[in-house]
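Please keep the sequence and the model in view while reading.

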Amino acid sequence: MGDSKKFDPKKIHKLTDPSRKKFQDPALIWQGLGKAGKGILVDIGAGAGFFAVPFSQQAAVHKVYACDTSEPMIAWMQENLEQDIRTKVEIVPSSENHVPLQDALADLVYMINLHHELDAPVQMLEECKRLLKPEGTLLIIDWKKKAMEMGPPEKIRIAEQTVQEQLLQTGFHTITNHDMLPYHYMLTAVR
Ligand SMILES: C[S@@+](CC[C@H](N)C(=O)[O-])C[C@H]1O[C@@H](n2cnc3c(N)ncnc32)[C@H](O)[C@@H]1O
């Protein structure tokens, strides 16, 4: 795969734009997670911490590991996340199919707006499984595969059905489509 699928760090302003809350509100997503939102979280493809920061402020959360493969994104978080935030958000440089954290560490692993950028989605789902505690939850949110004015081109988007099949292939169970966002699908699955 070429790098064309990958988010261009020069467009970081798109990730920090507060108007995103109109269609991808972290508070609403957190609510949708219900009891799965707790403990130790791993955010794969954290970008500018748009989700890692508000999720870390939830009382039930002990720590969020904010992982990203992009050096500019990691540097941006290191420079811009306030010290008080950093007590609960740990920034982790990761590689395409590997997150350098121990096995069975996480209550919740999440990938938001990332699935269509992955080189090897099934391998990454295996990695998510490795990171999760037994009965831990994986959350995947990505753009619906249809034409719209915003987001990545339709041709590089991954259909929700394909993600569901990949989750089954990797051995996740209790796959739930939360269907609560206008432009994105929101799936949870249990390890
Ligand atoms: C479109 S951005 C989304 C960022 C964030 N999740 C959000 O919604 O605000 C995708 C991010 O995933 C990162 N990324 C791409 N491939 C990755 C991988 N295999 N593992 C971890 N991060 C990755 C990119 O560098 C980029 O920061």
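## A buried glutamine in a helix

In what follows, a residue is called buried when its relative accessible area is under 20%, exposed when that area is over 50%, and partly exposed in between. The model is a predicted one, and the values below are computed from it.

With a relative accessibility of 11%, Q166 falls under the 20% limit and therefore counts as buried. Q166 belongs to helix α7, and its side chain is joined to the side chain of H115 by a polar contact of 2.7 Å. When neighbours within four places in sequence are left aside, the residues in contact with Q166 are H115, P121, V122 and L125.

## The largest nonpolar core

The largest nonpolar core is made up of 28 residues, and V42, I44, L101, V109, M111, L138 and L167 are those with the most contacts inside it. At least two residues of this core come from each of the strands β1 (39–44), β2 (61–68), β4 (106–112), β5 (132–143) and β7 (184–190), and likewise from each of the helices α6 (121–131) and α7 (160–169). Helix α6 gives the largest share, which is four residues. Because domain 1 (25–102) and domain 2 (113–191) both contribute residues, this core lies between them.

L138, one of the residues with the most contacts inside the core, touches V109, L125, C128, L132, L167, F172, L187, T188 and A189 when residues up to four places away in sequence are not counted. Another core, of 27 residues, lies apart from the largest one, and V61, V64, M77 and L108 are among its members.

T188, which is touched by L138, has its place in strand β7. Its relative accessibility is 9%, so T188 counts as buried. Not counting residues up to four places away in sequence, T188 touches L33, T137, L138, L139, T174, I175, T176 and H178. With H178 there is also a polar contact, in which the side chains of T188 and H178 are joined at 2.7 Å.

How far apart in space are T188 and L132, which are separated by 56 residues in sequence? From C-alpha to C-alpha, the distance between T188 and L132 is 13 Å.

The domain assignment of the chain gives domain 1 as 25–102 and domain 2 as 113–191. The C-alpha centres of domain 1 and domain 2 are 17 Å apart, and 15 residues of domain 1 are in contact with 20 residues of domain 2.

Q102 is found in the loop between β3 (89–93) and β4, and is exposed, with a relative accessible area of 56%. Although Q102 and L131 are 29 residues apart along the chain, their C-alpha atoms are separated by 6.6 Å. Leaving aside neighbours within four places in sequence, Q102 is in contact with R130 and L131.

## The ligand site

The ligand is surrounded by 22 residues, of which K6, G45, D68, I112 and N113 are the closest.

## Positive phi outside glycine

E135, in strand β5, has a phi near 70 degrees, a positive value in a residue other than glycine. At 55% relative accessibility, E135 counts as exposed.

D179, which is not a glycine either, has a positive phi of about 40 degrees. D179 lies in the loop between β6 (173–177) and β7, and with a relative accessibility of 55% this residue counts as exposed.

Notes:
Residues numbered from 1 in each chain as written. Predicted model: local features only at pLDDT ≥ 70, side-chain atom pairs only at ≥ 80, totals over all residues. Heavy atoms only, no water. Core = buried A, V, L, I, M, F, W, Y, C linked by side-chain atoms within 4.5 Å. Buried < 20%, exposed > 50% of the residue type's maximum accessible area, 1.4 Å probe, protein only. Domains from an automatic or database assignment. Contact = heavy atoms within 4.5 Å. Polar contact = N/O pair within 3.5 Å; in protein donor to acceptor, adjacent residues only side chain to side chain. Near = heavy atom within 4 Å.
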